[in-house]
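Thanks for asking me to look this one over. Below are some notes on backbone geometry and charged pairs, to read alongside the coordinates.

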Amino acid sequence: DNMDGELRIGEVTYEVMHSTEQPTAEVLREANAILDKEKLSFPLKVRAWQEGDQFSPLGMRGKKKLSDFMIDRKIPVNLKRHVRVVESAGEIVWVVGLRIDDRYKVTPHTKNIFSLIQKATDV
């Protein structure tokens with residue numbers, strides 16, 4: 001059940017990692033998805049965001065429309081069309097590179113962690 005490897009989303013390559021250790025502050029960045037594996041349903045699905053998409057941004061209670069979230073983040077229109085989401089059983093768990101869903105975050109009770117870590121680009 002170990003699916004370590006790489007996943008390419010758009011122009012970015014992510015390292016897929018499974019671990020039982022709490023993440024370090026270094027990896028807990030918005031560029032990465034550090035998720036509670038027990039709460040996920042595999043396989044995860046990557047797709048373009050759509051009007052009407054909602055999620056619970058990390059640190060927030062309740063749902064927010066993805067379109068509103070991007071306005072709040074001042075994401076320019078030309079970049080919006082490149083925004084991807086990762087879905088688990090029809091629910092958004094990560095707005096790629098922007099914010100994970102609060103319901104899937106790692107807590108002190110998390111036993112198994114599923115991470116997508118952005119790989120350094122050779123720029």
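This is a predicted model: local features need pLDDT of at least 70, side-chain atom pairs count only at pLDDT 80 or more; totals for chains, interfaces and linings use all residues.

1. Most residues other than glycine have a negative phi, which is the reason for flagging it here.

2. Alanine 89 deserves a look for its backbone too. Its phi is near 50°, again positive although the residue is not glycine. You will find alanine 89 in the loop between β7 (84-88) and β8 (91-95), where it is exposed at 63% relative accessible area.

3. Which peptide bond is cis, with omega near 0°? The bond in question runs from phenylalanine 42 to proline 43. Proline 43 belongs to the loop between β3 (33-36) and β4 (45-48). As a reminder, most peptide bonds are trans.

4. Now to the charged pairs. Side chains of opposite charge can pair when their charged atoms come close. The count here comes to eleven salt bridges. One of them joins glutamate 6 and lysine 119, with the closest N and O atoms 2.4 Å apart. This pair links distant parts of the chain, 113 residues apart: glutamate 6 is in strand β1 (residues 5-9), and lysine 119 is in the segment after β10 (113-118). Glutamate 6 is exposed because its relative accessible area, 55%, is over 50%. Lysine 119, at 29%, is partly exposed.

5. Glutamate 30 and arginine 99 also form a salt bridge, at 3.1 Å from N to O. Here 69 residues separate the partners, with glutamate 30 in the loop between β2 (12-19) and β3 and arginine 99 in strand β9 (residues 99-100).

6. Finally, please look at glutamate 87 and arginine 47, whose side chains meet in a salt bridge of 2.8 Å, N to O. The pair connects strand β7, which holds glutamate 87, with strand β4, which holds arginine 47, across 40 residues of chain. Both glutamate 87 and arginine 47 are buried. They also take part in a network of salt bridges that links Lys45, Arg47, Asp53 and Glu87.

Key
Residues are numbered from 1 along each chain as its sequence is written. Side-chain values use heavy atoms; hydrogens and water are left out. Helices (H or I, at least four residues) and strands (E, at least two) are DSSP runs, numbered from the N terminus. Buried means under 20% relative accessible area, exposed over 50%, partly exposed in between (1.4 Å probe, protein chains only). A salt bridge is a side-chain nitrogen of Lys or Arg within 4 Å of a carboxyl oxygen of Asp or Glu.
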